[in-house]
Every structure is written in C-alpha cells, then in structure tokens.
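Biologist: I am new to this structure. Could you walk me through it, one feature at a time?

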Amino acid sequence: MSLESSQTPESAPFGIRTDLASFHEGVKHIKAEIGKIMVGQESMINLLLAALMSDGHVLLEGVPGVAKTLAAKLLAKTLDVPFSRIQFTPDLMPSDVLGTSVFSPNTNAFEFHSGPIFSHVVLIDEINRAPAKTQAALFEAMEERQVSIDGNTHRLSPPFFVIATQNPIEQEGTYRLPEAQLDRFLFKVQVDYPELEEEVKILADAHLRKNFKDLSQVKAILNASEISRLQSLIQSVHIDEKLMRYIVEVVQLTRSHKELYLGASPRASLNLMVSAKAIAAMSGRDFVTPDDISEVVAPVLNHRIILTPEREMEGVSTEQVLKRLVNAVEVPR
C-alpha cells in the first residue's frame with residue numbers, strides 16, 4: 001500500500017501545512033486488519049501505533065490473557081518487516097538476545113552471529129523474568145539502535161520497535177526493571193480486562209472462526225521505507241509554544257509534587273511532545289491539541305515517577321496522582 005503525503009499552503013499563521021490525511025488512512029487500515037482477529041483494547045492499539053510512529057518502544061503491563069502478546073503479533077503482521085519474539089527466562093544470557101562471535105575454521109577468524117534483537121519488530125515476552133545482566137543488554141540497542149560486542153559495533157536497521165510485556169501480579173521468579181531500563185520505553189501501557197460486551201464478542205468470534213489463532217488473514221499494510229517516511233512526517237506536525245510550556249509545567253510539577261518521591265526527567269517532556277504529535281497525525285491533523293497531550297500523559301509518565309512510601313502504603317496508584325497533577329496545571333486556550 002502506497003501512502004503519499006503532500007503539502008498545501010493555508011491561511012493559518014503556521015505557513016506551509018502538511019496534509020496528513022494519508023497518514024490517518026494508513027493507521028485506519030492497520031486498525032482494520034488487527035480488528036479482523038482482535039476485539040476491543042482500542043486504547044492499547046492506539047498507543048502501540050503512536051509509539052511505532054514516534055520511533056519509540058512500549059512496555060505492556062497486564063495480567064495473563066488480556067491479549068498483550070496477541071496485539072504485538074497482530075501489529076507485526078500488518079508490517080512487512082522482519083519480526084522476532086524472545087521469551088525471557090531466568091537462565092537467558094545476553095548472548096541469547098544480542099548474538100555472539102563464533103570461531104570459523106574456514107576463515108580462521110571469529111564471525112559474528114546476530115541474535116533475535118536484530119529485527120525490525122521485537123516482542124520480548126515477560127521481560128521481568130530475565131536477570132539484570134540480560135535486561136541491561138537491551139540498553140544500548142533500545143536507545144542507540146546498535147549493539148557492541150567484542151569491540152565491534154553492529155547497527156540495527158530502522159525501523160526498530162521493541163514491544164515488551166510483563167505481569168504486574170506474579171512476583172516469584174521475576175526481577176524488577178531498573179529505572180534506567182524503564183526510561184527506555186516511550187510508553188508503559190496498563191492493559192485492563194475487556195468490557196462485558198467485548199468479552200462476549202471474543203467468545204462469539206472464537207466460536208465462529210474455530211481456529212481463532214490463525215493470523216493468516218491479516219495483511220501487511222506498510223513496509224520498512226513507508227514506516228520510516230511516516231515517522232519523519234511526525235516532525236512536521238505543528239505544536240504551539242503555549243502547549244510546549246504546558247508540557248514542561250506538567251513534567252516539572254512531578255518533581256515537586258508532595259505525593260511523588262521521584263519526578264520525570266526532560267526526556268519525559270520530549271516524549272510527551274513527540275507522542276502528542278503522533279496522536280495528532282493519526283487523527284489526520286497537522287497540529288497538536290491539549291487533548292492529544294492528555295491522551296499520552298499517563299503512558300509517558302506512569303513509569304517515570306515514584307510515589308512516596310506513604311502513598312504506596314495507602315494503595316494510591318500513579319494514574320490517580322497524575323490525574324490530580326494534570327488538573328492542577330491550567331490548560332492553555
């Protein structure tokens with residue numbers, strides 16, 4: 001599918017504006033393909049697409065059986081790019097993820113054999129089941145899009161998109177992700193149970209399809225070059241200076257809020273801006289609105305802040321604090 005963009009002059013004070021109707025159409029086609037198999041979880045799908053278009057990574061957190069892995073596999077099916085899945089376990093070594101150098105008798109030298117991280121879309125199932133050493137192996141790959149082994153640097157081909165999952169309930173045999181690792185994720189998405197009617201439709205669809213795990217009917221919509229082009233279009237989305245200030249005020253308030261022990265860094269401000277641009281582009285708009293920012297505040301910030309011990313003991317969630325925090329900042333008009 002070819003998705004072309006065009007630029008047309010407008011009377012608005014922003015000068016040349018970008019026509020993002022084709023961007024919106026591409027997103028709509030991807031959602032339609034995913035919808036052939038998956039019921040509900042629209043917010044998760046929207047955020048997965050926004051992260052992909054923002055050139056970021058996503059951490060999906062939810063109990064088993066709420067379609068975290070299925071959503072990742074379906075999204076990968078709509079993209080005509082290589083896909084790999086890594087099941088993290090306590091005995092997984094960094095070389096199992098990154099690759100290793102193997103001696104070749106034919107060349108009398110060591111040759112690098114790439115690991116599953118060398119793909120365009122990488123699904124990491126149960127990321128918190130691997131020890132810190134293996135988790136740390138992802139740092140360079142996720143941030144710098146490269147892997148350094150035995151003094152040699154190997155570049156990862158764009159686009160590079162990591163989707164990781166974890167179960168928030170089970171603690172046995174798990175390792176907490178360090179703050180530096182969490183900060184590599186653009187979004188942390190809380191995946192909830194489906195609504196009653198959605199769950200009824202899940203059962204009905206599974207009954208009618210018989211083999212409901214057959215994903216062959218899902219078609220690829222975008223290839224690697226089209227994804228990269230759409231990612232570059234995000235940069236042309238306009239954001240007013242007042243909205244930039246609004247983003248910074250929200251992030252700075254996390255650093256002084258009485259209910260928070262740790263606030264968000266400037267990286268969070270940048271991530272809020274770029275992901276709000278992606279949300280706007282997905283709607284076919286070339287400008288950011290306050291609603292676009294509101295939609296991404298929780299997934300961008302909830303893994304970058306730490307509640308005070310008192311609030312944790314009271315059972316307060318980060319989402320509740322973020323709602324109070326955002327309400328305390330005046331929305332620009």
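Modeller: Gladly. Keep in mind that this is a predicted model. Let us begin with the pockets. The largest pocket has a volume of about 820 Å³.

Biologist: How many residues line the largest pocket, and which lie nearest its centre?

Modeller: The lining has 32 residues. Nearest the centre are Gly 65, Val 66, Ala 67, Lys 68 and Leu 70. Elements that give two or more residues to this lining are α3 (68–77), β5, β11 and α8 (196–209).

Biologist: Which element gives the largest share of that lining?

Modeller: That is α8, with 5 residues. By class, the lining of the largest pocket holds 14 nonpolar, 8 polar and 10 charged residues.

Biologist: What is the volume of the second largest pocket?

Modeller: About 600 Å³. Its lining has 25 residues, and those closest to the centre are Glu 61, Gln 166, Arg 176, Leu 182 and Lys 188. At least two lining residues come from each of α7 (179–182), β12, β15 (306–307) and α14 (318–327).

Biologist: How does the lining of the second largest pocket divide by class?

Modeller: Into 9 nonpolar, 10 polar and 6 charged residues.

Biologist: Now the sheet. How do strands of a sheet pair?

Modeller: Through backbone hydrogen bonds, in either a parallel or an antiparallel way.

Biologist: Over how many bridges do β3 and β11 pair?

Modeller: Over 4 bridges, in the parallel sense. Strand β3 covers residues 58–61, and strand β11 covers residues 161–166. To find your place, look for Leu 59, which stands opposite Ala 164 in β11.

Biologist: Let us turn to a helix. What span should α2 have, and why?

Modeller: Helix α2 has 12 residues, 42–53, and should span 16 Å because each residue counts for 1.5 Å. Its end C-alpha atoms are 16 Å apart, so the model agrees.

Biologist: Is α2 mostly covered or mostly uncovered?

Modeller: Mostly covered. Of its 12 residues, 10 are buried, which here means under 20% relative accessible area. Among them are Met 44, Ile 45, Asn 46 and Met 53.

Biologist: What comes just after α2?

Modeller: Look at Asp 55 there. Its phi is positive, about 60 degrees.

Key: Residues numbered from 1 in each chain as written. Predicted model: local features only at pLDDT ≥ 70, side-chain atom pairs only at ≥ 80, totals over all residues. Heavy atoms only, no water. Pairing = 2+ DSSP bridges. Expected span 1.5 Å × (residues − 1). Buried < 20%, exposed > 50% of the residue type's maximum accessible area, 1.4 Å probe, protein only. 1 Å grid on protein atoms, 1.4 Å probe; cavity = no way out; pocket = protein on both sides within 12 Å on 5 of 7 lines; lining within 4 Å. Points joined across faces, edges and corners; volume = space filled by probe spheres on them. Nonpolar A, V, L, I, M, F, W, Y, C, P; charged D, E, K, R; others polar.
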